[in-house]
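Please read them with the coordinates open.

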Amino acid sequence: MLFRSRQALVPSVVPKQDLANAVALTSAGFNANKILGPVFGGMLIASMGAGGNFFFQAAAYAGVVAMVYMMSLRTEVANTKRASAWADLKEGVGYVWSNPMILALMTTSLVPNLLAFPLQTLMPVFQKDVLQLGPDALGLMLGAPAIGALVATLTLASLAGRLEHKGRVLLVSMVAWGVCLFLFSRSTTLPLAVLSLIGVGACQVTYNSTNNTILQMIVPAELRGRVMSIYFLDQGLQPAGALMGGFATAQLGAPMAVSLMGLSVILLGIFIALRVPRLRSWTHTA
């Protein structure tokens with residue numbers, strides 16, 4: 001929730017020409033925390049105990065609240081009379097549904113996360129039953145996507161201003177994400193599995209950051225909050241994806257289930273590229 005709220009605030013903090021860099025750096029910080037957080041947490045527990053660790057974290061959050069309070073947000077929209085929350089949601093859904101470009105971006109955001117999220121929940125199955133390795137291998141497999149994601153976000157932050165064809169970056173990274181999922185499903189050794197998972201993390205964060213950037217660039221400021229609230233529904237769909245992944249694994253086995261996830265993401269990316277040429281040719285100057 002905190003990460004999603006922070007992403008929605010980015011356009012009100014930075015100039016539009018720096019939006020892509022800001023979104024990428026926000027994702028970089030989030031993924032760096034996924035790697036460094038457990039390390040620092042373990043050090044704090046070892047030195048201060050579990051209770052001391054939680055007190056330290058609470059103090060850190062208080063500092064964050066103070067910094068947020070001091071933020072100065074750019075006002076993009078004049079004050080207007082607000083309707084009910086239901087009317088605002090209806091207006092946002094209507095705008096998304098009537099705009100093929102926005103609808104394509106929403107589809108490429110929500111559907112792949114629904115299809116591919118179960119990978120995390122299936123990791124223990126691959127570690128124990130497919131690769132037949134110990135718990136240390138599971139740690140490597142769980143950490144590999146975060147490493148790929150961190151490298152990708154730092155790369156995006158440094159190149160974002162020079163990546164004009166963001167529509168192509170979005171579609172290519174989405175298809176590459178599906179390819180990496182398929183390669184992981186076919187992995188028979190730990191090195192190949194880890195390399196595939198690094199690719200999964202890198203492609204996923206590239207596609208997510210680019211999608212987020214394009215959406216926030218093209219949606220009118222007065223509708224951005226409503227549209228981004230729909231965009232962030234991917235978190236609510238993840239439990240449904242985990243349910244689908246568990247059912248597919250029970251029926252077909254984990255390798256086949258993940259293979260189908262990867263192929264579905266690939267086919268969706270190709271379909272969107274062919275069906276919405278405007279997205280394929282979109283640049284930050286469009």
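1. Residues are numbered from 1 along each chain as its sequence is written, and side-chain values use heavy atoms, with hydrogens and water left out.

2. The protein chain has a mean pLDDT (the predictor's confidence in each residue, from 0 to 100) of 79, and 77% of its residues reach 70 or more. Where pLDDT is low, the predicted coordinates should not be read in detail. Helices here are DSSP runs (H or I, at least four residues), numbered from the N terminus.

3. Helix H4 (residues 100-116) and helix H8 (residues 190-218) cross at roughly 150°, their axes coming within 10 Å. That makes H4 roughly antiparallel to H8 (over 145 degrees; under 35 counts as roughly parallel, 65 to 115 as roughly perpendicular and the rest as oblique). Axes are lines fitted to C-alpha atoms, for helices over the stretch in contact, and angles run from 0 to 180 degrees between N-to-C directions.

4. On the H4 side, the residues that meet H8 include Met101, Leu105 and Pro112; among their partners in H8 are Tyr207, Asn211 and Ile218. Contact means heavy atoms within 4.5 Å. By class, the contact of H4 with H8 has nine nonpolar, six polar and no charged residues (Ala, Val, Leu, Ile, Met, Phe, Trp, Tyr, Cys and Pro are nonpolar, Asp, Glu, Lys and Arg charged, and the others, Gly among them, polar).

5. The axes of H4 and H7 come within 12 Å and cross at roughly 10°; H4 and H7 are therefore roughly parallel to each other. Leu105, Thr108, Pro112, Asn113 and Ala116 in H4 meet Leu170, Met174, Trp177 and Leu181 in H7. This contact of H4 with H7 divides into seven nonpolar, two polar and no charged residues.

6. The structure holds two aromatic pairs (rings of Phe, Tyr and Trp, the last by its six-membered ring, with centres within 6.5 Å; planes under 30 degrees apart are stacked, over 60 edge-to-face and the rest tilted). One of them, Phe126 with Phe184, is tilted, at 4.6 Å centre to centre and 45° between the planes. Phe126 lies in helix H5 (residues 118-130) and Phe184 in helix H7, so the pair ties together parts 58 residues apart in sequence.

How values were computed:
Predicted model: local features only at pLDDT ≥ 70, side-chain atom pairs only at ≥ 80, totals over all residues. Helix = DSSP H or I, 4+ residues; strand = E, 2+ residues; numbered from the N terminus.
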